[in-house]
Amino acid sequence: MTMSASPDFTTRRRVLAAAGALAGIGLVNGRVAFAQPKLGRVAYGQGSIDPFFAAGYVALKKGYFGEGGLEVEYLNSQSGPRTNQLLAAGQIVFGATAATAAPALTLAGKPATLVFGFDRKLTYANIIVRREDFESGKIKSLKDLAGKRVGATQPQSSTWLMALYLMQKAGVADKVDIRPLGDLATMLGALKTGSVSASMATMSMMEQARQEGWGVPIFDATTESSWNEFMGGDVPGIAALTLQDTIQKRPEVVQAFVTGLVRAQDFISANSAAAVTDAIYDDYLNAFPREAIEKTLGVYKETVFLKDNLITQEAYDRMTAIMGDGRQFSNEEIKTVPYDRCVNMSFVRRARGL
């Protein structure tokens with residue numbers, strides 16, 4: 001059937017474009033049976049390769065962005081700071097990285113906004129050491145890292161910030177050398193070979209080190225007791241963001257993007273960790289052992305992922321408190337980037353009919 005020659009279809013297309021029309025209408029085998037509004041092509045960067053980005057991988061694999069009329073080009077932007085640089089330069093339209101990126105970019109003169117929350121915990125706020133150092137008693141706690149090197153990704157990155165925060169909490173910040181090493185894989189390799197004594201780690205990194213038999217966590221943020229002791233409640237770890245200029249000029253594109261991620265989160269929530277792993281492992285996560293990915297996704301589904309994807313003001317305020325006190329910014333600077341300036345959950349609410 002030729003749609004382009006039909007006046008009725010032209011009218012329908014205009015109505016759908018005006019309304020957003022992001023829900024499927026006339027589905028055939030789960031796909032939209034007539035052309036959706038064409039919103040163009042956008043680049044989307046994720047700050048590393050890790051299962052905490054599962055919603056992004058699922059949305060890409062399942063075609064949820066395309067069903068909303070948006071063509072999304074995905075790239076691994078390798079670190080939070082690089083994701084921020086690409087976003088600020090207009091080389092990507094959306095980024096997914098540490099939620100600290102939005103206030104940091106805004107303070108740097110590129111107003112940015114968090115539009116989708118992936119999680120309620122900083123899943124990269126774990127610290128692992130070599131088993132031999134742990135079992136010998138050389139490093140049993142954070143205090144034992146005094147005089148030693150700890151690996152992070154980049155200066156001013158989320159892993160760097162959390163390393164500094166945890167070292168300050170342990171009272172050894174002035175005695176620890178926090179080393180920027182690049183990406184997550186490089187951090188794991190540096191710890192394994194002894195270039196650093198400890199490393200910040202995502203849960204999948206912890207699981208890989210455990211399964212290979214050489215690594216042990218000395219701080220595991222995935223446990224509620226450790227998390228609440230250091231953080232006191234929900235803190236957004238990973239979030240999707242875009243420049244405020246994009247929200248103002250292309251709100252329909254932002255809505256299509258966020259709706260795709262919301263649909264992906266609903267798929268994750270409705271399916272087993274094994275099924276989610278089946279969907280995304282081969283294309284996006286095969287650098288890790290499959291068993292580690294499935295186990296990590298199981299834990300994330302139960303205790304980490306935000307099922308409604310809504311970042312609350314309380315959670316955001318805990319995050320900016322970690323950024324303040326001179327760790328990344330002064331408290332006066334943090335006051336200039338309140339929740340209402342750097343978080344916009346209206347797109348998630350609209351996608352969820354809230």
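Let's start with a crossing: helix 13 and helix 14 cross in a right-handed way. Keep in mind that this is a predicted model.

Which residues make that contact? From helix 13 we have A273, A274, V276, T277, D278, Y281 and L285. From helix 14 come R290, I293, E294, L297, G298 and K301. Sort the residues of this contact by type, and you get 7 nonpolar, 2 polar and 4 charged.

Now the geometry. Two packed helices are described by two things: the angle between their axes and the distance between the axes. Helix 13 covers residues 273-285, and helix 14 covers residues 290-304. Their packing angle is about 130 degrees. Their axes are 9 Å apart. What do we call that arrangement of helix 13 and helix 14? Angles of 65 to 115 degrees count as roughly perpendicular, and those over 145 as roughly antiparallel. The two helices are therefore oblique to each other.

Next pair, please. Helix 8 is residues 184-193, and helix 9 is residues 203-212. Here the angle is about 35 degrees, and the axes are 11 Å apart. The crossing of helix 8 and helix 9 is right-handed. On the helix 8 side, the contact uses L184, M187, L188 and K192. On the helix 9 side, it uses M205, Q208 and E212. By type, the contact of helix 8 with helix 9 has 4 nonpolar, 1 polar and 2 charged residues.

Strand 6 is joined to strand 12, residues 238-243, by 5 bridges. These two strands run antiparallel. F116 stands opposite A240 in strand 12.

How many aromatic pairs does the structure hold? There are 12. One of them is Y74 with Y284. Their centres are 5.7 Å apart, with 85 degrees between the planes. That makes the pair edge-to-face. Where do the two tyrosines lie? Y74 is in strand 4, and Y284 is in helix 13, so the pair ties together parts that are 210 residues apart in sequence.

That brings us back to helix 13, which packs with helix 14. Thank you.

Terms used
Residues numbered from 1 in each chain as written. Predicted model: local features only at pLDDT ≥ 70, side-chain atom pairs only at ≥ 80, totals over all residues. Heavy atoms only, no water. Axes fitted to C-alpha atoms, helices over the stretch in contact; angles between N-to-C directions. Helix = DSSP H or I, 4+ residues; strand = E, 2+ residues; numbered from the N terminus. Parallel < 35°, antiparallel > 145°, perpendicular 65-115°, else oblique. Left-handed = near helix turned anticlockwise from the far one by under 90°. Contact = heavy atoms within 4.5 Å. Nonpolar A, V, L, I, M, F, W, Y, C, P; charged D, E, K, R; others polar. Pairing = 2+ DSSP bridges. Phe/Tyr/Trp six-rings, centres within 6.5 Å; stacked < 30°, edge-to-face > 60°.
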